[in-house]
Amino acid sequence: MSAPRPYDTLLSKGEDRRQLILSVAQRLLARNGWRNTTLAQIAGEAGVTTAGLLHHFESKDQLLHAVLDARDRDDDAHADRSGDLLEQLGRVPERFERSPELVGMFATLVIENLDPAAPLHGRLLDRYRASLDTVEDGIRRGQRAGRYRADVDPATKAVEIVAFLNGMETSWLLDPSIPLTAVFREYIQSLTRQLMPDATS
């Protein structure tokens, strides 16, 4: 087996360093927010110079979007948006516990960008609306299949479900000792009663 070529080794080290910078940025953003996190702080904790960081990310904005891209990829890798809605909700606590820094970073960025003039407002609003669409589509699939009641308004119920998820993120980040799985189980049971057709009708 031939030894790796020097250029391949450099590429591998460069990608490792890029991933390290992203990981450090996620941790600092979750702790300090974007406004209170500097490129110099991220570079220092990642063990690179600011110039070295800028070799991988041309600006603070580019790094911020790269961090959000990583969060989106993590969601996409673990979500089945065409599957059963209630089953997917039951898996959400696993996502919280698997990637607490991604959850914390995203929650912090949402709060920092509520103002329409904030730099990430548009992107985060689009992400919120996409979440609503995903949940609404899941309810409509269940209705078409006869599993869910036809008189439930999918758009309204989607807002409620996404609000529950966002609220649980914040509550868990504030107090990780809350019984996350039990709370989700209770909510899903309540949601099941609301969505399922009345067996006696």
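The residues lining the largest pocket comprise 18 nonpolar, 12 polar and 13 charged ones. The model described here is a predicted one. The space in the largest pocket amounts to about 1100 Å³, and among its 43 lining residues, Arg71, Asp75, Arg95, Ser131 and Leu165 are the closest to the centre. Several helices share in the lining of the largest pocket: helix 4 (60-78), helix 5 (85-90), helix 6 (92-98), helix 7 (100-112), helix 8 (121-144) and helix 9 each contribute at least two residues. Helix 8 provides the largest share, with 11 residues.

Helix 9 also has a partner in helix 10. The axes of helix 9 (residues 154-174) and helix 10 (residues 180-195) come within 12 Å and cross at roughly 170 degrees. On the helix 9 side, the contact is made by Lys157, Glu160, Ile161, Phe164, Leu165, Met168 and Trp172, which meet Leu180, Val183, Phe184, Tyr187, Leu191, Gln194 and Leu195 of helix 10. Sorted by class, this contact holds 11 nonpolar, 1 polar and 2 charged residues.

Lys157 sits in helix 9, and its relative accessibility is 12%, so Lys157 counts as buried, the cut-off being under 20%. Apart from neighbours within four places in sequence, Lys157 is in contact with Ile139, Val152, Leu191, Gln194 and Leu195.

Conventions:
Residues numbered from 1 in each chain as written. Predicted model: local features only at pLDDT ≥ 70, side-chain atom pairs only at ≥ 80, totals over all residues. Heavy atoms only, no water. Axes fitted to C-alpha atoms, helices over the stretch in contact; angles between N-to-C directions. Helix = DSSP H or I, 4+ residues; strand = E, 2+ residues; numbered from the N terminus. Contact = heavy atoms within 4.5 Å. Nonpolar A, V, L, I, M, F, W, Y, C, P; charged D, E, K, R; others polar. Buried < 20%, exposed > 50% of the residue type's maximum accessible area, 1.4 Å probe, protein only. 1 Å grid on protein atoms, 1.4 Å probe; cavity = no way out; pocket = protein on both sides within 12 Å on 5 of 7 lines; lining within 4 Å. Points joined across faces, edges and corners; volume = space filled by probe spheres on them.
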